[in-house]
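Please go through the model below in questions and answers, with the cut-offs stated.

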Amino acid sequence: MQKVNGWDSLEKSIEGGMTTIVDGYINRGQNTIYFKKFDVEETNGLYWHQYQQNILAAQNEGVKIRQALQESGKMEASYTFIIPLYENMPSEICRKPNTTSNPGTITSDLVRVNVNSTISVRESPNGTKISGVLLYKDEIVTRLQKATEKVGGTYWDYIMKADGTKGYVARETYDYDLPEYKLYLVPITPETPDQPNNIVKNEKVKVDYTNKSITVVPGVTSQDIANLIGQNIVVKNVNGVIINSGMLLATGYIVNDTYIISVLGDANGDGEVNSGDLFSIQKYLLTGHSISNQVKQAMDANGDGEINSGDLFIIQRHLLLNSNFIIK
């Protein structure tokens with residue numbers, strides 16, 4: 001074993017290395033990974049002897065520390081973060097550049113991992129799991145490609161971790177039998193919707209930002225809407241009372257005092273789909289009486305933009321066969 005500074009054993013190397021780090025860096029104020037990389041002040045005194053060469057070192061090592069804390073169950077402990085503040089910073093954060101060799105065909109956005117603990121990264125859409133590669137709760141990753149078609153019943157987005165590892169991750173899950181929906185990859189900044197009329201949607205919820213309306217399938221709660229838009233919301237019933245996030249929604253409920261909810265099939269606004277809704281639609285078809293826009297959307301059970309016998313058929317099929325409504 002080569003002797004360096006008298007370190008001729010494993011124990012002496014560990015102790016000597018710790019002493020070097022403490023005396024050479026921590027006691028000089030370079031007590032974070034960031035300060036070991038970047039000289040943050042203009043003199044040649046405090047932070048002058050950086051030793052790291054990898055520009056992504058602070059981020060990569062930070063991710064590893066976070067994973068270690070996650071695996072050891074120390075995420076909920078108290079920590080002090082030392083963050084340098086700079087003058088004349090831009091109002092928007094800079095997006096991390098991707099490392100693809102064909103940037104003209106790949107766009108990227110930052111997403112937060114919304115899972116209870118971890119989620120697997122796969123070699124291909126719905127393919128083999130990459131051994132030892134996981135995404136952790138609240139981890140931030142770069143989405144390089146957003147899937148436009150489902151494989152195995154879900155969308156598989158191509159992502160890159162902070163350490164450069166790439167793979168495919170399920171964007172969401174939806175169980176038609178429960179029903180239960182969860183968005184695994186939540187955009188850090190709101191995405192520009194690619195739907196007409198400024199619309200974002202999934203299998204259970206459609207938010208129309210232009211018309212200030214939200215259409216949902218029966219059985220949806222406010223948490224399902226929050227999962228889609230990536231932010232907390234407040235829902236009030238028709239009496240203006242705030243409802244619990246686990247309560248089922250009804251036609252006429254209001255989100256954030258702005259967006260009015262329509263539940264497909266819930267034509268009478270009682271939060272259920274039953275024979276009463278069939279009667280409401282039949283009455284409207286016979287009399288043509290005035291109804292609100294949200295009730296019209298609720299009556300339009302098949303989403304074709306019209307209220308007719310086809311909507312009655314959809315509701316009847318749901319009542320007889322427990323079939324699902326479809327967001328269009």
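**Surface and core**

Q: Where does I83 lie?
A: The model is predicted, so local features need pLDDT of at least 70 and side-chain atom pairs count only at pLDDT 80 or more, while totals for chains, interfaces and linings use all residues. Residues are numbered from 1 along each chain as its sequence is written, and side-chain values use heavy atoms, with hydrogens and water left out. Helices (H or I, at least four residues) and strands (E, at least two) are DSSP runs, numbered from the N terminus. I83 is in the loop between α3 (57–71) and β1 (109–113).

Q: Is I83 buried or exposed?
A: Buried means under 20% relative accessible area, exposed over 50% and partly exposed in between (1.4 Å probe, protein chains only). With a relative accessible area of 62%, I83 is exposed.

Q: What share of the residues of the chain count as buried?
A: The chain has 328 residues. Of these, the share that count as buried is 39%.

Q: Which residues have the most contacts inside the largest nonpolar core?
A: A nonpolar core is a set of buried Ala, Val, Leu, Ile, Met, Phe, Trp, Tyr and Cys residues joined through side-chain atoms within 4.5 Å. The largest has 36 residues. Elements that each supply at least two residues of this core include β12 (213–216) and α4 (222–229). Those with the most contacts inside the core are I214, I225, L249 and I261.

Q: Which residues does I214 touch, not counting residues up to four places away in sequence?
A: Contact means heavy atoms within 4.5 Å. By that cut-off, I214 touches V205, K206, V207, I225, V255, Y259, I260, I261 and S262, leaving out residues up to four places away in sequence.
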